[in-house]
Amino acid sequence: MTTEPTARSLPRESLGDTHLRRLIVGQGLAAVVDALFLIWLTLFVLKLSEPGMTTGFVLVAVALPRAALLLPAGVLVDRVGPARIAAGAAWLRVAVLLALGALITLTSPSVATVALLAGLLGAADAAYFPAALALLPAVVPTEKLARVNALVQGAESGGDLVGPAVAAGVIAVVGFDATLGGIAALAALAAVALSLPIRAVRRGERVGDAAESAEVDGERVSTARALGAGLRYAWREPVVRGMLAAIALINITVVGPVLVGGAVLADQRLGGAGSLGIVLSGFGAGSLAGSLVAGWRPPARRGWTVVGGVAAIGAGMAGLAAVTDVVAATAVVSLIGLGSAFLGVVVVATLQERVPERLLGRVLSLVVLATVAFDPFSYLLAGVLVPFGTTTLFLVCGGAVLACAGLVATSPAIRSLR
């Protein structure tokens, strides 16, 4: 069964360009806040304790609630509405950042207290990510979805590219307290921007509620049943199933090998560990370029674009096995970043257009889960393969991604995507 593009119930044209601009600004600022806060948190925990397990413990405290709550959050998005959940999660972020700021200003917090508040931010992220993605089709005309997704993901890539340097530099100049205050201020601006379109979107949601009330009421029997409906839909639809599988495999075979294997590669072939930062900056630059290109020139044949994006990532991973200098490694990693970002824009825009609105939050929560939940397995894979050498590591991982591209190309539903 192939899902046809679903007409949205919300009156997107009536929302106007003002709401669209506010939404782009809000989601862009939220992405920048995430990038800045992650660096702030890492450096602050290093200040509180010696480097080692403690830093990992705090970062896990952020990641675990985010991964564990993503699927239930998708159900909540479909029941309550993406506009309200996105705005509520954005304001929860502000409240937690302000509480953390007051804590470090007035007291000497323990690592456990910081981890607890960081965990609340992870829970807010779990609700925000699927809600923000599901909100775009409610506000953005279908023909503009790819471009708006590209702008939002471009802001995220830009934050990843410059965030570490900016956060570290500001902390060095004004200290942890003032830097966190600035991050909280940016988060508040994002929350305001995300809250402004909510009234107009609610009016549209009431129109859609009447048409789908019977089906939604049937799913309200239990969260488990609602979640099961979303999982069954994702499994039965070949386009959704294929894209989710590709995203998960890419996450497993790229994230850990690039970070862990890249560090070993830099030390062995590229002139020292310091070159790793240059190489990873290439990934950020490639991601930014890929997002902008995908929005500027949306592909006419999306199915083959998905295949090509997966193949480009696989070719880049395999190519890392042969690099011997920083310039070549940076160029190859830039290709991986470009393919990943381009693929991300195309996949998200396609699902936003095709998945029924009543299931959109659940399906998009699966997309987010596929991008964040497999990081531990990716690091484990890298740890298992690194002893055999970086050439083996990158050839195995690149070959797996290229095989995935071949499997995706065998799907008639994906090949026929326009």
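In the predicted model, Asp125 is buried, with a relative accessible area of 6%. The residue is found in helix α4, which spans residues 111-139. Neighbours within four places in sequence aside, Asp125 is in contact with Asp34, Arg66, Arg93 and Pro130.

Asp34, Arg66, Arg93 and Asp125 are linked in a network of salt bridges. The side chains of Arg93 and Asp125 meet at an N to O distance of 2.7 Å. Arg93 lies in helix α3 and Asp125 in helix α4, so this pair ties together parts that are 32 residues apart in sequence. Both Arg93 and Asp125 are buried, the relative accessible area of Arg93 being 5%. Asp125 also forms a salt bridge with Arg66, in which the closest N and O atoms are 3.8 Å apart. Because Arg66 belongs to helix α2 (residues 53-80) and Asp125 to helix α4, the pair ties together parts that are 59 residues apart in sequence.

A salt bridge with an N to O distance of 3.2 Å joins the side chains of Asp34 and Arg93. Here Asp34 lies in helix α1 (residues 12-48) and Arg93 in helix α3 (residues 82-106), so the parts tied together are 59 residues apart in sequence. Asp34 is partly exposed, with a relative accessible area of 24%. For the model, the count comes to four salt bridges.

Two helix pairs were examined for packing geometry. The axes of helix α8 (residues 238-269) and helix α11 (residues 326-354) come within 11 Å and cross at roughly 155 degrees. Because angles over 145 degrees count as roughly antiparallel, α8 is roughly antiparallel to α11. The crossing of α8 past α11 is left-handed. On the α8 side the contact is made by Val240, Met243, Ile247, Ile250 and Val254, and on the α11 side by Ile336, Leu343, Val347, Thr350 and Leu351. By class, this contact of α8 with α11 has nine nonpolar residues, one polar residue and no charged residues.

For helix α7 (residues 223-236) and helix α12 (residues 360-372), the axes come within 9 Å and cross at roughly 70 degrees. The two helices, α7 and α12, are therefore roughly perpendicular to each other, and their crossing is right-handed. Helix α7 contributes Ala226, Leu227, Ala229, Gly230, Leu231, Tyr233 and Ala234 to the contact, and helix α12 contributes Arg362, Val363 and Leu366. By class, the contact of α7 with α12 has eight nonpolar residues, one polar and one charged.

How values were computed
Residues are numbered from 1 along each chain as its sequence is written. This is a predicted model: local features need pLDDT of at least 70, side-chain atom pairs count only at pLDDT 80 or more; totals for chains, interfaces and linings use all residues. Side-chain values use heavy atoms; hydrogens and water are left out. Axes are lines fitted to C-alpha atoms, for helices over the stretch in contact, and angles run from 0 to 180 degrees between N-to-C directions. Helices (H or I, at least four residues) and strands (E, at least two) are DSSP runs, numbered from the N terminus. Angles under 35 degrees count as roughly parallel, over 145 as roughly antiparallel, 65 to 115 as roughly perpendicular and the rest as oblique. A crossing is left-handed if the near helix is turned anticlockwise from the far one by less than a right angle, and right-handed if clockwise. Contact means heavy atoms within 4.5 Å. Ala, Val, Leu, Ile, Met, Phe, Trp, Tyr, Cys and Pro count as nonpolar, Asp, Glu, Lys and Arg as charged, and the others, Gly among them, as polar. Buried means under 20% relative accessible area, exposed over 50%, partly exposed in between (1.4 Å probe, protein chains only).
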